[in-house]
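Visitor: I should like to learn how to read a helix and its surroundings. May we begin?

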Amino acid sequence: MTLRKVNISILIVAVVIFLLVLHHNFLGLSDFLKRELSDSNPLGLQPIDFIPAVPQRLADERNDKEISVVIAASDERLGGAIAAMNSIYRHTRSNVVFHIVTLNDTVDHLRLWLSNTALKNLRYQIVDFDPRVLEGKVQVDPQNADTLKPLTFARFYLPNLVPHAEKAIYVDDDIIVQDDILELYNTPLKPGHAAAFSDDCDSTTNKVAVRGAGNQYNYIGFLDYKKETIRKLAMKANTCSFNPGVFVANLTEWKLQNVTKQLEKWMALNVAEELYSRSLAGSITTPPLLIVFYKQHSSIDPMWNVRHLGSSAGKRYSPQFVKAAKLLHWNGHFKPWGRTASYAEVWEKWYVPDPTGKFSLIRRHSEAYEAK
């Protein structure tokens, strides 16, 4: 009996030791996982803050469907992003969540603008974009390093910006929405397509010639077909291009096809071989997208990207057409918050003044250019 008691005591001690070792290993694993999670995003796309809940009154009025909208917000163009988000929010009853991609030095300004104005009920996540992710992928002119705008490439990293979403909308900061964004979100994408864009040959844009843009309605306007690397792709030079300033993405397909890696590959190849056309009008984000999505993208309703409003100061569309447009896009040099732009008064209806006073409009009136 005494021997049996000794054996039981030894067994109990062994069990206790085993449990202690197991507990120690579990704590070590927990610490490891915490470190892994904190460093899980090598791109440096780190969420900074999140407004998770809609006030109950607004929740009762709005639909439950969550729509992820990604928009880049640089400090010098912050007013554009603010107006774009305001126009989207005021035209929908859907549960929109804005994923605002910015640089670290803009975060405080952006947060103050959102929290101290009529936009305080927006649901949003601010994501800090680390420009180092672009090293080796973008050709930088040492004499004009400031011309590189890292946030223009944020659209390439959508799955990292909205990791839990299956679908998302990307919009540039120089747009205004005049209809329910839910309609754009519900754009049907064909099987195997990771995105839907507005083609440059669609009925709203092919009737308007854009001065200084060369052949930028087709692939030869963006890619250098004299380069063997481009010719080997067997892409027809007269293929209609598309505008990447507004698009709907199927993020499940995007990840399955490694779209981000494909885009980075062509960015790096351009640095080595200069594959982009020299006639580019500043759009260095378009060429890699054209290559990756060649005949592999769906189309959005052209009224959801009525563009070229920033191509000149004159009015190229009738007031009736502008009113009917679902999304207005001031792509080009003439922005509605700065230089004279057509239909700037439409944009101004959705602009929310900066409470800090840092961002101010360069004022000009539509009558001024109409009289000239």
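Visitor: Which residues of H9 are buried?

Guide: In this predicted model, the buried residues of H9 are Val259, Thr260, Leu263, Glu264, Trp266, Met267 and Asn270.

Visitor: Why do the buried residues of H9 line one face of the helix?

Guide: An α-helix has 3.6 residues a turn, so residues three or four places apart point the same way. Viewed along the axis of H9, the buried residues fall within an arc of 165 degrees, so they line one face. The face turned away from that buried side carries the exposed residues Lys261 and Ala272.

Visitor: What covers the buried residues of H9?

Guide: The cover includes helix H5 (158-161), helix H7 (228-231), helix H8 (251-256) and helix H10 (286-292).

Visitor: What span should the 15 residues of H9 have?

Guide: At 1.5 Å a residue, helix H9 (residues 259-273) should span 21 Å, and its end C-alpha atoms are 21 Å apart, which agrees. Just after H9, Glu274 takes a positive phi of about 55 degrees.

Visitor: Where does Asn305 lie, and is Asn305 buried or exposed?

Guide: Asn305 lies in the loop between strand S9 (298-299) and helix H11 (319-324). Buried means under 20% relative accessible area; Asn305 has 0% relative accessibility, so it counts as buried. Its side chain makes a polar contact with the side chain of Asn243, at 3.1 Å.

Visitor: Which residues does Gly79 touch?

Guide: Gly79, in helix H3 (residues 78-90), touches Trp113, Trp347, Tyr351 and Phe359, leaving aside residues up to four places away in sequence. Gly79 also counts as buried, because its relative accessibility is 0%. From Gly79 to Leu361, the separation is 282 residues in sequence and 8.5 Å in space, C-alpha to C-alpha.

Methods
Residues are numbered from 1 along each chain as its sequence is written. This is a predicted model: local features need pLDDT of at least 70, side-chain atom pairs count only at pLDDT 80 or more; totals for chains, interfaces and linings use all residues. Side-chain values use heavy atoms; hydrogens and water are left out. Helices (H or I, at least four residues) and strands (E, at least two) are DSSP runs, numbered from the N terminus. The expected span of a helix is 1.5 Å times one less than its number of residues. Buried means under 20% relative accessible area, exposed over 50%, partly exposed in between (1.4 Å probe, protein chains only). The arc is that of the directions from the helix axis to the C-beta atoms. Contact means heavy atoms within 4.5 Å. A polar contact is a pair of N or O atoms within 3.5 Å; within protein, one must be able to donate a hydrogen and the other to accept it, and residues adjacent in sequence count only if both atoms are side-chain atoms.
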